[in-house]
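Here's a quick tour of a ligand and the pockets of the protein around it. Have the model open as you read.

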Amino acid sequence: MISKGDIIVPKKIKDGLRTDFVGREIHHFTEVTSTNDVAKELALEGAEEGTIVISETQSRGRGRLGRKWFSPEGGIWFSLILCPKMSVKDAPKITFALSLAMAKTIIKMFRLKVRIRWPNDVLVNNKKVCGILTELSSKSGGAIDFIVSGIGINANTNLKSFPKALRKSVTSLKQQVKREISREAFLKAFFEELEHYYKTLTNSGFAQILREWKSLTDTLNSYIEVTSFDKKDKKVEGQAIDVDQDGALLIRLDDGSIKKVMSGNASVRVQR
Ligand code: BT5
């Protein structure tokens, strides 16, 4: 049972919120299967761009490829509806803009050591604090109809609520700053940051996002192992040398050849 004092109050986020559209409409729940599912239904019913769906817990929170996303109370589990005038192949760029906005928010609010791991993880002191799942609906002709970006942040979650196997690789903001954080203040700051980077992406293009993203990633110049989702979970190892203008990771394999991975799971072996 979640006590009333621990529930996110949307009004506290909206009061003084300096955005044009992100977070103007907030739907808050105690428990849902996945906020991405609820947001998708709302988008299909014509919800406005910038609409947010937040839940205190999720019974079937998911990561990429249907992996389980643990969503105990104290976290921030939410989805955002976006309607960018982009083609489907550009959708991964949204995840770059969101992870950059997340990293910037954590740095500005808590001055922690934050790194972004290609393509969708935000780490604090080398442990995962946030994951992003971008799903989309497309129109005929390859244009995006809408995007639902699901963002999970271990804000005030207790590490004991995670399975033992995960505890070594995850952290929460509470654990890092050694006090409970205001989830409303965090979301307000994040919504402002994310609208800024989303507008940068849609008005000025990906180059500026990528430049800032590169200054915060731990993946480039490291020796990494990547499980590629492009072709049936194939594992590759090598030196991560660049992220190209589509968001694909370029890896120099041990035989000197260059491998391009559009989507996958990276872990850093040696940081250079
Ligand atoms: C992600 O997937 O990192 C995307 C997570 C997105 C979660 C949000 S919460 C709101 C919205 N609603 C949803 O149902 N989802 C979104 P991926 O890169 O595939 O990472 C999944 C892996 O992260 C799992 O296999 C675990 O190893 C690990 N993991 C699971 N729960 C975690 C947590 N709470 N914190 C950190 N790591 C976790």
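**Meeting the ligand**

Let's start with Thr35: one of its polar side-chain atoms lies 3.3 Å from a nitrogen atom of the ligand, a polar contact (a pair of N or O atoms within 3.5 Å). This is a predicted model, in which local features need pLDDT of at least 70 and side-chain atom pairs count only at pLDDT 80 or more, while totals for chains, interfaces and linings use all residues. Residues are numbered from 1 along each chain as its sequence is written, and side-chain values use heavy atoms, with hydrogens and water left out.

**Contacts and cover**

- Arg64 uses a backbone N or O atom, which lies 2.9 Å from an oxygen atom of the ligand.
- Asn120 brings a polar side-chain atom to 3.2 Å from a ligand oxygen atom.
- On its own the ligand has 800 Å² of accessible area, and the protein covers 92% of that (areas come from the Shrake-Rupley method with a 1.4 Å probe).

**The shell around the ligand**

- The ligand is surrounded by 26 residues, the closest being Ser34, Arg62, Arg67, Lys128 and Asn154 (a residue counts if one of its heavy atoms lies within 4 Å).
- Helix 2 (35–44), strand 6 (127–138) and strand 7 (144–153) each supply at least two shell residues (helices are DSSP runs of H or I with at least four residues, strands runs of E with at least two).
- Strand 6 gives the largest share of the shell, four residues.
- By class, the shell has nine nonpolar, eleven polar and six charged residues (Asp, Glu, Lys and Arg count as charged; Ala, Val, Leu, Ile, Met, Phe, Trp, Tyr, Cys and Pro as nonpolar; the others, Gly among them, as polar).

**The largest pocket**

- This is where the ligand sits (more than half of its atoms lie within 2 Å of the pocket's grid points).
- A pocket is an open set of points on a 1 Å grid over the protein atoms alone, with protein on both sides within 12 Å along at least five of seven lines; lining residues have an atom within 4 Å of a point.
- The largest pocket holds about 820 Å³ of space (the space filled by probe spheres set on the points).
- Its lining has 39 residues, with Arg67, Trp69, Asp121, Lys128 and Leu166 nearest the centre.
- Strand 6 again provides the largest share, five residues.

**The second largest pocket**

- About 410 Å³ of space lies in the second largest pocket.
- It is lined by 20 residues, and Arg64, Pro92, Thr95, Thr134 and Ser263 are the closest to its centre.

How values were computed. Polar contact = N/O pair within 3.5 Å; in protein donor to acceptor, adjacent residues only side chain to side chain. 1 Å grid on protein atoms, 1.4 Å probe; cavity = no way out; pocket = protein on both sides within 12 Å on 5 of 7 lines; lining within 4 Å.
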